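Take a look at the charged side chains in the model below. Keep the sequence at hand as you read.

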Amino acid sequence: MNPNSTILVTGGAGFIGANFVHTWLETGEGIVVNLDKLTYAGNLENLEALAKDPRHVFIQGDIGDRQRVDALLDDYRPWAVVNFAAESHVDRSISTPDDFIQTNVVGTFNLLQAVRSYWEGLPDEERSAFRFLHVSTDEVYGSLRNDDPAFSETTPYSPNSPYSASKASSNHLVRSYHHTYGLPTLTTNCSNNYGPWQFPEKLIPLVVHHALQGKPIPVYGDGLNIRDWLFVTDHCRAIMAVMDKGRPGAVYNVGGNSEKTNLEVILTVCAILDDILPFADLRRHDTLITFVKDRPGHDQRYAIDASKITDEIGWAPEETFETGIRKTVQWYLDNAQWVKNVTSVAYQNWIETSYGQR
Ligand code: NAD
């Protein structure tokens with residue numbers, strides 16, 4: 001095994017992390033060491049196809065466990081660390097913010113400390129080739145009005161939820177480790193992802209899951225909040241491109257040029273389901289849409305100006321929303337057992353607490 005071709009991925013049993021591990025092993029070289037705490041959002045079924053693949057080493061553990069991370073870095077000697085590990089759901093950050101501060105802020109700090117110590121001990125050549133990539137979100141920039149220009153990398157931070165505040169804190173810590181210690185960090189702020197293996201508390205898999213069961217499809221407020229949507233494999237390719245060509249210390253915004261209202265997204269998913277799997281009684285899936293009380297502090301709009309990553313690195317999304325969303329809906333239809341397994345009793349309780357329905 002060539003130690004220089006090993007990377008450490010954290011949170012690689014979650015939605016984007018698992019997609020990244022698959023994409024990396026399909027197109028990249030070497031070994032992926034995957035450190036994940038396996039919270040409710042982490043799922044080894046997302047990595048089932050790699051269970052016997054010697055290029056994937058899974059380790060259950062917490063990024064906040066300094067001794068564990070130190071030992072992993074010493075044992076596997078990665079040339080890069082990609083940090084996906086986080087609490088990621090805004091609604092949960094409103095009801096239970098503690099875990100968000102613990103993992104997203106304290107955990108990232110612990111990881112940075114361990115990585116810095118490891119990096120400082122590397123021989124010169126390996127030290128200059130090393131990269132720490134921190135995966136973050138456009139939500140750190142706050143909320144836009146519908147006629148505001150999109151977020152650029154220089155937009156001031158203005159996080160509005162405990163989730164986005166915890167991610168903004170982590171971004172600041174990462175920035176400071178580059179500025180103060182010279183750690184070769186990279187930060188990506190990405191818009192909403194969709195695709196396979198997304199836990200069905202998030203909008204798109206939730207809509208598919210509820211529509212298939214003939215259950216009400218909850219929509220916050222008037223459904224007119226706007227998000228930019230990016231197919232997850234395009235995000236994974238962007239991260240790989242930034243690892244390869246990004247300038248140490250730089251931040252890159254990643255987006256799909258696909259701004260949609262939540263209602264547009266839901267109507268699109270319903271129309272695809274009408275096409276593929278019409279209801280026997282000819283009712284349309286959008287008749288299940290049910291408007292519910294808005295999320296407290298709900299940001300109106302996020303939009304990404306991704307020109308920096310395109311101009312500097314040459315990355316652009318390959319999927320349009322129209323092609324990506326079809327693939328995604330088809331994936332959930334083809335993977336009904338996966339959906340069944342993750343929509344356990346705990347999931348049902350969560351939906352009930354959040355939207356007052358089962
Ligand atoms: P996810 O919630 O699906 O997965 C998070 C993973 O991290 C899970 O496997 C979980 O077990 C693991 N984890 C949580 N706490 C941990 C800890 N203390 N130590 C080790 N592992 C831990 O999240 P996701 O949607 O895949 O998001 C991944 C990253 O991308 C997050 O940092 C998130 O902020 C960011 N992001 C997500 C989106 C999106 O649309 N989902 C958009 C932009 C940025």
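The paragraphs below walk through salt bridges.

This is a predicted model, where local features need pLDDT of at least 70, side-chain atom pairs count only at pLDDT 80 or more, and totals for chains, interfaces and linings use all residues. Residues are numbered from 1 along each chain as its sequence is written, and side-chain values use heavy atoms, with hydrogens and water left out.

Side chains of opposite charge can pair when their charged atoms come close. A salt bridge here is a side-chain nitrogen of Lys or Arg within 4 Å of a carboxyl oxygen of Asp or Glu. The whole structure holds 19 salt bridges.

Start inside one helix. Helices (H or I, at least four residues) are DSSP runs, numbered from the N terminus. Arg 116 and Glu 120 both sit in helix H4 (residues 98–120). They are four residues apart, about one turn of the helix. Their closest N and O atoms are 3.3 Å apart, and they form a salt bridge. Glu 120 is partly exposed, because its relative accessibility is 40%; buried means under 20% relative accessible area, exposed over 50%, and partly exposed in between (1.4 Å probe, protein chains only).

Now find a pair from two helices. Asp 275 and Arg 326 meet in a salt bridge at 2.8 Å, N to O. This pair links distant parts of the chain, 51 residues apart: Asp 275 is in helix H9 (residues 262–276) and Arg 326 in helix H11 (residues 321–334). Asp 275 counts as exposed because its relative accessible area is 56%. Arg 326, at 39%, is partly exposed.

Next comes a network. Salt bridges link Arg 92, Glu 201 and Lys 202.
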